[in-house]
Amino acid sequence: MFDTLSDRLTSVLQNLRGKGRLSDADIDATAREIRIALLEADVALPVVRTFIAKVKERAKGSEVSQALNPAQQVVKIVNEELVEILGGETRRLNLAKNPPSVIMLAGLQGSGKTTLAGKLARWLVGQGHRPLLVACDLQRPNAVTQLQVVGERAGVAVYAPEPGNGVGDPVDVARRSIDEAKHGQNDVVVVDTAGRLGVDEEMMRQAADIREAVQPDEVLFVVDAMIGQDAVTTAEAFRDGVGFTGVVLTKLDGDARGGAALSVREVTGQPILFASNGEKLEDFDTFHPDRMASRILGMGDVLTLIEQAEQAFDQEQAEAAAAKVASGELTLEDFLEQMLAVRKMGPIGNLLGMLPGAGQMKDALAQVDDKQLDKLQAIIRGMTPAERDNPKMINASRRLRIAKGSGVQVRDVNELVNRFFEARKMMAQMAGRFGFGGPGRVSKTRKGKKGKKGKGRGPTPPKVRGGMPGFPGGLPPMPTGGGGPSLPPGFAGGMNDLPPGFDPSKLKLPKNPKDN
Amino acid sequence: MSSTVILIVVLVVVVLALAVGAGVLVARKRRISLTEAGKSEKPKDKPQGGGYATGSAISLAPGGRTETVEPPVEASPPADVEPATVAEPVEPVEADAELVEVVIEVEPAPEVEAEEIEPPSGRLERLRGRLARSRSTLGQGLLGLLGAGDLDEDSWTEVEDTLLMADLGAATTEEVVTRLRAELSTKGVRTAEQARAVLRSVLVEALRPDMERAVRALPHETAEHGKQPAVVLVAGVNGTGKTTTTGKLARVLVAGGRTVLLGAADTFRAAAAEQLATWAERVGAEVVRGKEGADPAAVAFDAVKRGVEAKVDAVLIDTAGRLHTKTGLMDELGKVKRVVGKLAEIDEVLLVLDATTGQNGLAQARVFGEVVDVTGIVLTKLDGTAKGGIVFQVQRELGVPVKLVGLGEGADDLAPFEPEAFVDALLA
C-alpha cells in the first residue's frame with residue numbers, strides 16, 4: 001500500500017545528497033525503479049518505454065535543486081511529465097450547434113457503459129440539458145431493462161423500442177432515436193452500446209454502423225481503471241474500429257492505480273474527459289490529470305484528502321478548534337470531536353496512506369487501526385464533561401473510575417491523558433511555527449491530521465514526533481511537484497505571506513475577506 | 001625456488017584466463033535467438049485474441065468438504081497411479097565428449113556427493129544451474145565451457161516483454177526470467193525450439209498444474225439429511241462477468257443432467273436479477289430472487305433453503321459486483337456467506353476475475369479471499385486480446401487454483417482451466 005515510487009527512489013538515491021547534479025548512472029538507477037513503478041501501476045509496456053526515455057532526457061543535466069533531494073527531484077520530473085501527458089489538452093464535451101447532440105458510448109464488456117450512461121445523463125441534466133438515453137445494447141440479457149432503471153433513477157427519458165436479449169437491430173434503434181429526440185425535445189442523445197471486444201470484427205462493424213447512423217458529436221471510449229496491459233491493444237482496436245473522441249475512466253473508486261489512463265492517452269492521443277468513481281449516479285466527475293498522476297505514482301493524494309476533509313469537517317467548529325490548538329487550550333472534548341470528524345472520512349489507514357511521505361512512517365502506520373480509536377473514544381466518553389474540559393483534574397481515583405467505566409486498564413487511561421498533554425504542547429508549538437490557522441480549508445485538514453496523530457499514535461510515541469514534523473516537511477515538494485499545480489492559490493500564497501511564528505488568532509482577519 | 005612457484009602460478013593463471021575467455025566466446029556464439037525463428041512462424045495478423053483452446057470438459061466434484069471420503073466422480077486420477085509417475089525424468093545427456101571431460105575435472109566437489117544422492121547426469125546440471133546464477137565473467141566462461149545455453153539480449157527482452165504484456169507483473173516476470181535462465185543453463189539448451197519449450201514448461205510449472213481444479217458443484221450425501229445440494233457462491237468486482245458465469249455454469253450442470261437452482265443475490269444493480277432470470281429460463285432452472293434493494297443474504301438464504309427442499313443438485317448464488325475497497329459491501333458479502341452457512345456449508349466460492357484486469361487483480365483476490373475464503377477462480381473474457389497473466393500471482397500468493405475460463409458471451413463459452421492451454425495462448 002505504501003510502496004510508492006518516492007520510497008523506492010529515496011532508497012536508490014540515498015547516497016546522492018550533496019552532489020551537484022544528477023549523473024547518468026543515477027538516472028539509470030532511477031529509471032529502473034520508475035519502470036517497475038509504472039508497470040505495477042499497469043501502464044502499458046510500450047508507453048513505459050517512451051515515457052522513460054522522455055524522463056531520462058529531461059533529468060539529464062538538470063540541476064539538483066536546493067529544496068528537493070534527488071529522489072524528490074526525479075519524482076517531480078516524472079510527475080510533471082505524467083500531468084503533461086494526461087492533461088495535455090483537457091476539453092469540455094463537444095455539443096452540436098443544432099440539437100440534438102449525440103454522444104455514443106463504446107467499450108469492452110463490463111467496463112461500465114450502462115451505468116455511465118445514467119451518470120452522464122444525470123450530469124447533463126445538472127447542466128441544464130434534456131438528455132435521452134438510447135438502449136442499443138441488445139446483446140446482454142436485460143441490458144435494456146438495466147438502462148431503463150438507470151434512466152428512471154436519473155430522471156431522464158429512455159428510448160428502448162426493442163426488448164433486447166439478442167432481439168432487434170441496434171443500428172436501426174440508434175437511427176430512429178434521433179427522430180425520437182427531436183420529437184421529445186431532447187437536446188442530447190446518449191447512445192449506450194453493447195460491450196464488445198476489439199477482436200470481434202462483426203461487433204466492431206456494428207459499432208461503426210451505429211456511428212454512421214447517428215453521426216455522434218462525441219464517441220466516448222469507456223475504460224475500466226483496473227485494466228492492465230491490454231489497454232493499449234483494446235484502445236487501438238476501438239480507435240481503428242469505431243474511432244473515439246474522448247475517454248472515460250470508470251471504477252476509480254477501487255484501489256487500482258489506473259495506469260491505463262496514461263496508456264490510452266498516450267497511444268490514442270484522445271483526452272480523458274470524465275472519471276467515474278462510485279456506484280451511485282452522482283459519483284461522476286470531470287477528470288483531474290494531476291490527481292491521476294499522483295495516483296499512478298502511488299504518491300499521497302493530498303487533494304482528495306482535503307476534499308474529504310471538507311465534507312467531514314464543520315468549518316466553524318474546525319476553526320474554533322484550530323484556535324484552541326494554537327493557544328494550547330485544546331480540551332479532550334475538542335479532541336473527541338476532531339477524532340469523530342476524522343473517522344467520518346473513512347478507515348484511518350486509508351487516510352494516512354494519502355499523506356505524502358507516509359511511507360517513512362509505514363511501520364508506525366501499520367499499527368494504527370480503528371480499534372484503538374474506538375478504545376480512545378470509549379475512554380473519553382467515560383469522562384465527565386468537567387474532566388474533558390480540564391484533563392488536569394483527572395486524579396488517580398478518577399482514572400480508576402474511567403478505566404472501569406470504559407472497560408480498559410488504568411494504564412490505558414494514563415497513557416491517553418499523558419499523551420494528550422504532550423500532544424497539546426506539541427501542537428501549540430507547531431501551530432506557532434507554521435502559522436497555522438490560515439485559510440479555512442487548509443487549516444481544517446491539517447488540524448484533522450494532527451488530531452488524528454496525537455491520539456492514534458498511542459502505542460508508538462517516539463515515532464509520533466518524527467512523524468508530525470515530517471508531515472509539514474512532506475508538503476514542500478508537493479506545491480512544486482505533486483498535486484501542487486492545482487492547490488488553491490490561497491494555500492500556497494497564504495502560507496508564504498505569513499511571517500513565521502505569526503499568531504494564528506490574528507489570522508482570522510486576513511482570512512475572512514478571502515472567504516467572502 | 002620462489003621464482004618457479006611464481007612462474008607456475010602465472011602459467012596457471014594464463015591458462016585459466018584463456019580457458020575462461022574461450023568459454024565466454026563459446027557461450028556468446030552459442031546464444032540462441034528466439035527472434036528470427038519466432039518471427040517467421042508467427043502469423044502477423046496479431047490482435048487475433050482468444051488463443052485459448054481446450055478439448056476437455058469441465059470437471060466437477062461433489063461438495064461437502066468434511067465428508068469427501070467418497071471417491072471423486074470425474075475428478076483427477078486416484079492415487080494408485082502415483083508411483084509410476086514419480087520416476088525421475090531422465091534428461092537426455094547429449095553425447096558431448098568434451099563436455100564429459102570437463103565435468104570430470106570440475107567434479108571433485110565432495111560435499112555435493114555427501115548430501116545428495118542423484119544420478120550423475122544431474123550433477124552437471126546442478127553445477128550449470130549454480131553457475132547460471134552468477135553473472136560474473138568467470139561463471140559465464142565456465143558455463144560456456146560446460147555447454148550451457150543462453151539467449152541473446154534481444155530474445156531476453158522479447159521474453160520479458162511477452163510476460164509483462166501478459167500482465168504477469170514486474171516481480172513475477174523477473175522471477176520467471178530467472179528460472180528460465182537457470183533452466184536453460186542446466187538443460188544445456190541449444191536451439192530456439194528447445195528454448196521455447198523450456199519457457200513453456202517454466203510457465204506451466206509456475207501455474208502449478210497439480211492443483212485440484214474440479215468445481216465442487218455436485219451434490220453430496222450426508223448421514224443426517226441425505227442428499228445435500230452443492231452450494232456455489234459467485235463473487236467479484238463490478239463488470240467481471242459474474243452473472244454470465246453463473247448462467248454458463250448452470251448450463252454446464254444442466255447439460256450434465258443435474259438440476260440447478262439459481263439465487264439472484266445481486267439486489268443492487270439495476271436489472272441484474274432479470275439478467276440471471278433470463279439465463280435461468282434458457283437452461284430451465286428455477287430462480288430465487290428478492291426485491292431490488294433487498295438484503296442479499298436473505299435472498300441467498302432463501303435460495304439455499306428452496307434448493308434443499310426441492311432436492312436440487314446445486315444452488316448457484318450470484319452476488320452483486322463490489323469493489324474490494326468498499327468495506328461495507330465486503331462485509332455484506334461476508335454476511336451472505338455466514339448466513340448461508342447456517343443452512344448448508346458453502347462448497348465452492350468462485351471469484352470471477354476479468355482477464356483484462358492488471359495488477360489490481362491481486363489486491364482484489366487478496367481481499368475477497370480474506371472475506372469469503374475463495375476456493376476457486378474463474379478467469380473471464382479470455383477471448384479478447386488480454387492474456388490474464390495476473391493469475392500467476394494470484395495463484396501463487398493465495399494458493400487458490402484457477403478453475404474455469406470464460407471465453408465469450410455465448411452460452412457454452414465456459415471451459416476448464418488448463419495450464420498448458422493457458423500458457424500456449426499466452427505465448428501465442
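Here is a short chat about the predicted model shown above.

Visitor: Hi! What should I know about the model before we start?
Guide: It is predicted, so local features need pLDDT of at least 70, side-chain atom pairs count only at pLDDT 80 or more, and totals for chains, interfaces and linings use all residues. Residues are numbered from 1 along each chain as its sequence is written, and chains are lettered from A in the order in which they are written.

Visitor: How many helices and strands does chain B have?
Guide: Chain B has 17 helices and 12 strands, taken as DSSP runs (helices H or I, at least four residues; strands E, at least two) and numbered from the N terminus.

Visitor: And what share of chain B is buried?
Guide: Of its 428 residues, 49% are buried (under 20% relative accessible area; exposed is over 50%, partly exposed in between; 1.4 Å probe, protein chains only).

Visitor: Where is B:Asp167, and is it buried or exposed?
Guide: B:Asp167 lies in the loop between helix H8 (153-165) and helix H9 (170-187) of chain B. Its relative accessibility is 1%, so B:Asp167 counts as buried.

Visitor: What about B:Lys311?
Guide: B:Lys311 is in the loop linking helix H13 (296-310) to strand S8 (314-319) of chain B, and is partly exposed at 49% relative accessible area.

Visitor: Switching to chain A, which residues does the cis peptide bond join?
Guide: That bond joins A:Pro99 and A:Pro100, with omega about 0°. A:Pro100 sits in the loop between helix H4 (70-87) and strand S1 (101-107) of chain A.

Note on methods
Heavy atoms only, no water.
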